[in-house]
Structure formats: C-alpha cells, structure tokens
Amino acid sequence: MRSSVKKCPECQHDNEDNIIICTVCGHVLDPAALLQQTETRKFGETDAGRNQPRWGTAHFDEQTRLVLRVADGSAILNVSIYGTTGVLLGRYDPATGRTPEVDLTGFDAEQNGVSRQHARLTVYEHSLYITDLGSANSTFLNGLRLTSHQPRILRDGDEIRLGRLKLQITFIDSTNGSGR
C-alpha cells in the first residue's frame, strides 16, 4: 500500500507525505514543520559534559539546499546557491533598479540597517562562506562582528545578523528532504 504523497508545486515531483523539503528541487513543502524542526541555538549552550559549543556541519555540496529563516519566524527563504558565483544579500535599490538575489526589503530591511549590497554568500571547496561587503551596519556571525571583505565559513544552525535583521542558517539534505 502506497503512503500519501505531497506534490511539489515547483517541479511536480511526488514526495512522501512526511517529507518537508522536495527531494528533487529543494523547495520547502511544509514551512510550518520546517520552522518547528530546529530552534535557534542560544549563545552559551554547550554539548552535555563536553563544555564545547555545539556546531553544525560546515559541509555544503550539490545535494545541500540552503534555507534562511527570518528570526522572528515570519518567513523561510529558499536560496539557490550551488553552481553560482555567489548570492547577494541586501535590499532593493530604487536608484538603480537592482534587486539582490536575496531581497530582504520585505522584512523592514532599511529600518533594520540592511545595506543594498550587504553581504555575499559563496560556495568554495564544499563549504559555504559569508562575506560582509563593507556594509554600513556590519554583518555578525553568531554575535561576532565580521571584518569587511574577509570570508567566514557558515555552518548549519548558525545565526547571521545583517544590521539588526537576524537570519538562521539551515542546511537541508535534498536526498532525503531533512535538515542535517
């Protein structure tokens, strides 16, 4: 007997009902379940008995999909990054008409201090990097201010802050539709 399926609205693939992310294209099928799946790690939390910070995986390959969650829970953003030269994070520029690949305008980006060209995400040698592009209000990784134009590795579960706008990083394994 076949279990129930969810048809992906992007690629029309039939996924098993318990799958949160399409196993073919990486589209989020159940945003509410994804928001509940992983909570943002609190600063200072440690692994039991090891007194070491908990870190997610840094491995990022063609089977990995990137999901950015706005920290207030208002949105999940699927980011297609693998095979690109990088993805710009920022807000719409009315003077030039340029829209970054990840447009944060709809999340009060200007009021939260997000620059038009705030940061860039890139993949290099199976790792995902973030680089602050000299933004006016800085980029923070897990609470630490990044030095402009110096790439830093991102890990599953990290929190980035662009000005005052917080985003949680989630890596999704597209081969089984679950978080890492």
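Asp-14 counts as partly exposed, at 35% relative accessibility. In this predicted model, the side chain of Asp-14 meets that of Lys-7 in a salt bridge, with 3.1 Å from N to O. Lys-7 is also partly exposed, at 48% relative accessibility. From this pair, let's walk through the rest of the chain, topic by topic.

**Salt bridges**

- The structure holds two salt bridges, and the pair of Asp-14 and Lys-7 is one of them.
- Arg-116 and Asp-93 form a salt bridge too, and their closest N and O atoms are 3.3 Å apart.

**A buried lysine**

- Lys-6 belongs to strand S1 (residues 5-7).
- Buried means under 20% relative accessible area, so Lys-6, at 18%, counts as buried.
- A polar atom of the Lys-6 side chain lies 3.2 Å from the backbone oxygen of Asp-17.
- Leaving aside residues up to four places away in sequence, Lys-6 touches several residues, including His-13, Asp-14, Glu-16, Ile-19 and Leu-29.

**Strands and sheets**

- The protein chain has 14 strands and one helix.
- Five strands make up an open sheet with mixed pairing, in the order S6-S5-S7-S8-S11.
- Which strands lie at the edges of this sheet? They are strand S6 (102-103) and strand S11 (152-154), and each pairs on one side only.
- Strand S8 (residues 127-132) runs antiparallel to S11, and three bridges join them.
- Leu-128 has Leu-154 in S11 as its bridge partner.
- In a regular strand, side chains alternate between the two faces of the sheet.

**A hairpin to look for**

- Strand S3 (residues 64-70) pairs with strand S4 (residues 76-79) in the antiparallel sense, over four bridges.
- Arg-69 stands opposite Ile-76, which is in S4.
- S3 and S4 form a hairpin with five residues between them.
- In the turn of this hairpin, Gly-73 has a positive phi of about 80 degrees.

**Nonpolar cores**

- Nonpolar side chains tend to be buried together in soluble globular proteins.
- Here, the largest nonpolar core has 28 residues, and Leu-66, Leu-68, Leu-89, Leu-104 and Leu-121 have the most contacts inside it.
- At least two residues of this core come from each of S3, S4, S5, S7, S8, strand S12 (159-162) and strand S13 (165-173).
- S13 supplies the largest share of the core, four residues.
- Beyond residues up to four places away in sequence, Leu-68 touches, among others, Ile-76, Leu-77, Leu-89, Val-102 and Ile-169.

**The chain as a whole**

- Of the 180 residues in the protein chain, 42% count as buried.
- The chain exposes about 9,800 Å², and 45% of this area is supplied by carbon and sulfur atoms.
- Among contacts with a separation of 6 or more, 46% are between residues 24 or more positions apart.

Notes. Residues are numbered from 1 along each chain as its sequence is written. This is a predicted model: local features need pLDDT of at least 70, side-chain atom pairs count only at pLDDT 80 or more; totals for chains, interfaces and linings use all residues. Side-chain values use heavy atoms; hydrogens and water are left out. Two strands pair if DSSP finds at least two bridges between them. Buried means under 20% relative accessible area, exposed over 50%, partly exposed in between (1.4 Å probe, protein chains only). Contact means heavy atoms within 4.5 Å. Accessible areas come from the Shrake-Rupley method with a 1.4 Å probe; for residues, only the protein chains shown count as cover. A salt bridge is a side-chain nitrogen of Lys or Arg within 4 Å of a carboxyl oxygen of Asp or Glu. A polar contact is a pair of N or O atoms within 3.5 Å; within protein, one must be able to donate a hydrogen and the other to accept it, and residues adjacent in sequence count only if both atoms are side-chain atoms. A nonpolar core is a set of buried Ala, Val, Leu, Ile, Met, Phe, Trp, Tyr and Cys residues joined through side-chain atoms within 4.5 Å.
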